[in-house]
Amino acid sequence: MKPSCSLPDAKSSPAVDSSVLQIQGGHPLQGHVKISGAKNSALVIMAGALLCSGDCRIRNVPSLADVKRMGQVLSALGVQLQQHGDILDINASEIRTSKAPYELVTQLRASFFAIGAILARLGVAHMPLPGGCAIGARPVDLHVRGLQAMGAEVQIEHGICHAYVPGKSGRLKGAKIYLDIASVGATENLMMAATLAEGETIIENAAREPEVVDLANFCIAMGAKIKGAGTSTLIIDGVPKLHSTDYTIIPDRIEAGTFLVAGAITRSEFSLSPVVPDHLVPIIAKLRDIGVSIIEDSPNCLRIQRAEILKAADIETLPYPGFPTDMQAPFMSLLSIAEGDSLINESVFENRLRHASELNRLGADIRVKGNTAFVKGVPLLSGAPVLATDLRAAAALVLAGLAAQGKTTIQGLRHLDRGYDQLDKKLQQLGAKILRVEPQTPVDKDFVPNSTDAEQSIST
């Protein structure tokens, strides 16, 4: 391997930020769409590779801006990375520094999750406080208290979290940790730290998300001793060293859910795979409440059928296995054209309803009070210029644009590219009239591309 990261540069640029999506709505979708690897698994598993002093091969890695940024963080630490398609080879045999770069970590919240792995490997870590979507406060105090319980000295100064393990061994110590909130990030960070700690660590009120289980399985594949993944209690027996592995990331349940909503909102029929239906239970259940039929064609393939009538439904976001907060915005788009009044309560993040005002620009009738949105279904949406405010809001606007009459233009694509692997291209392949327009490309006011034009014109 070459001693440098081969992933493309993911830094924002004026050209990227000023790109727009044009969507000519009202076209049904058909065919089959391939679901990429899970974003939230890929990011934390990349961090988990720091625990291994050899080579790791990670398969089914999605092509995302966030994955590229995480690659840059690891490369800055001295890790060697090479990517070929959706296969990522990582060699963390030598970590040259314990200091992660401020300018990268502040753009990507998930990069903070590397602090547990770095601390476990080196006995010292310096990590800037994280960034990411502005969807509410996501404090790192649970991470800090957990590491302190395992014997680390932790201080936060000038936006940097400094942690070290006192003593000659430099190894964390097993501990019993109770999380006040079932935080996915804290569960993952502390689980990684515990894999190389001396003794047994018990994490109670642990997050149960499939991505937590995926990380646990990755660590187990490297020789970690972890029990209880997928339950609220994790038991980790620390080992001195982890070994190389070849691991495949699970399919992205949020991407799969987004395409299911795309089928529902456009009243279309198509199939999608690979998926893990058990990961989609709350999403499928809510779609069926709304009047959408979903068929399991095979253990890893689902088919959505055309819905004649969309009915109102109430939604409350909850930690897994409840309804996922990442699907709240796409479902708001769907419910905006459902018959009747729906209520959406966002109980996970306190600032994640800003897309409601943008949906109203498209003709939706949504009123927000606190963390609750009151959605009154309308017969149809109308195309308009809109701005994405975060990752899932961007997806919601794309879905609304697919259903709207006329042309919708979406700005803020840097959010969309953080979490969806070529969403516009995949929708094109299903028959959507959607085009990514770069700054140097003149915007066609009468844009109605055929599939060939779209495939030739779309930006990668």
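The dialogue below goes through some features of a predicted model.

User: What share of the contacts in the chain joins residues 24 or more positions apart?

Analyst: Among contacts with a separation of 6 or more, 74% are between residues 24 or more positions apart.

User: Which residues of the largest nonpolar core touch the most other members?

Analyst: The general idea is that nonpolar side chains tend to be buried together in soluble globular proteins. In this model the largest nonpolar core has 81 residues, and those touching the most other members are Met46, Leu50, Leu51, Ile90 and Met191. There is also a second, separate core of 69 residues, which includes Phe323, Val398, Leu402 and Ile434.

User: Taking Leu51, which residues is it in contact with, leaving aside neighbours within four places in sequence?

Analyst: With those neighbours set aside, Leu51 contacts Ala117, Ala120, Arg121, Met192, Thr195, Leu196, Cys219, Met222 and Leu242.

User: How do I read a pair of packed helices, and at what angle do H9 and H13 pack?

Analyst: Two packed helices are described by the angle between their axes and the distance between the axes. Helix H9 covers residues 253-265 and helix H13 covers residues 391-403; they pack at an angle of about 20°, and their axes are 9 Å apart. Angles under 35 degrees count as roughly parallel, and H9 and H13 are therefore roughly parallel to each other. The crossing of H9 past H13 is right-handed.

User: Which residues in H9 and H13 meet?

Analyst: From H9 come Ile254, Thr258, Val261, Ala262 and Ile265, and from H13 come Arg392, Ala395, Leu399, Ala400, Leu402 and Ala403. By class, this contact of H9 with H13 has 9 nonpolar residues, 1 polar and 1 charged. Leu402 in H13 is also one of the residues of the second core.

User: How far apart are the axes of H10 and H11?

Analyst: Read this pair by the two values again. Helix H10 (residues 281-290) packs with helix H11 (residues 328-335) at an angle of about 10°, and their axes are 12 Å apart. That angle makes H10 roughly parallel to H11. Ile283, Lys286, Leu287 and Ile290 in H10 meet Phe331, Leu334 and Leu335 in H11. The contact of H10 with H11 contains 6 nonpolar residues, no polar ones and 1 charged.

User: Why does Ile304 count as buried?

Analyst: Buried means under 20% relative accessible area. Ile304 has 0% relative accessibility, so Ile304 counts as buried. Its place is in strand E16, residues 301-304. Leaving aside neighbours within four places in sequence, Ile304 contacts Leu260, Gly263, Ala264, Ser268, Glu269, Phe270, Val292, Ser293 and Ile294.

User: Is Ser271 buried or exposed?

Analyst: Ser271, in strand E14 (residues 270-273), has a relative accessible area of 14% and is therefore buried. Not counting residues up to four places away in sequence, Ser271 touches Gly31, His32, Val33, Cys301, Leu302 and Arg303.

User: And is Gln405 buried or exposed?

Analyst: Gln405 is exposed, with a relative accessible area of 52%. Gln405 is in the loop between H13 and strand E22 (407-411). Its C-alpha atom is separated by 6.0 Å from that of Gly26, although the two residues are 379 residues apart along the chain. With residues up to four places away in sequence not counted, Gln405 touches Leu380, Leu381, Ser382 and Gly383.

Note on methods
Residues are numbered from 1 along each chain as its sequence is written. This is a predicted model: local features need pLDDT of at least 70, side-chain atom pairs count only at pLDDT 80 or more; totals for chains, interfaces and linings use all residues. Side-chain values use heavy atoms; hydrogens and water are left out. A nonpolar core is a set of buried Ala, Val, Leu, Ile, Met, Phe, Trp, Tyr and Cys residues joined through side-chain atoms within 4.5 Å. Buried means under 20% relative accessible area, exposed over 50%, partly exposed in between (1.4 Å probe, protein chains only). Contact means heavy atoms within 4.5 Å. Axes are lines fitted to C-alpha atoms, for helices over the stretch in contact, and angles run from 0 to 180 degrees between N-to-C directions. Helices (H or I, at least four residues) and strands (E, at least two) are DSSP runs, numbered from the N terminus. Angles under 35 degrees count as roughly parallel, over 145 as roughly antiparallel, 65 to 115 as roughly perpendicular and the rest as oblique. A crossing is left-handed if the near helix is turned anticlockwise from the far one by less than a right angle, and right-handed if clockwise. Ala, Val, Leu, Ile, Met, Phe, Trp, Tyr, Cys and Pro count as nonpolar, Asp, Glu, Lys and Arg as charged, and the others, Gly among them, as polar.
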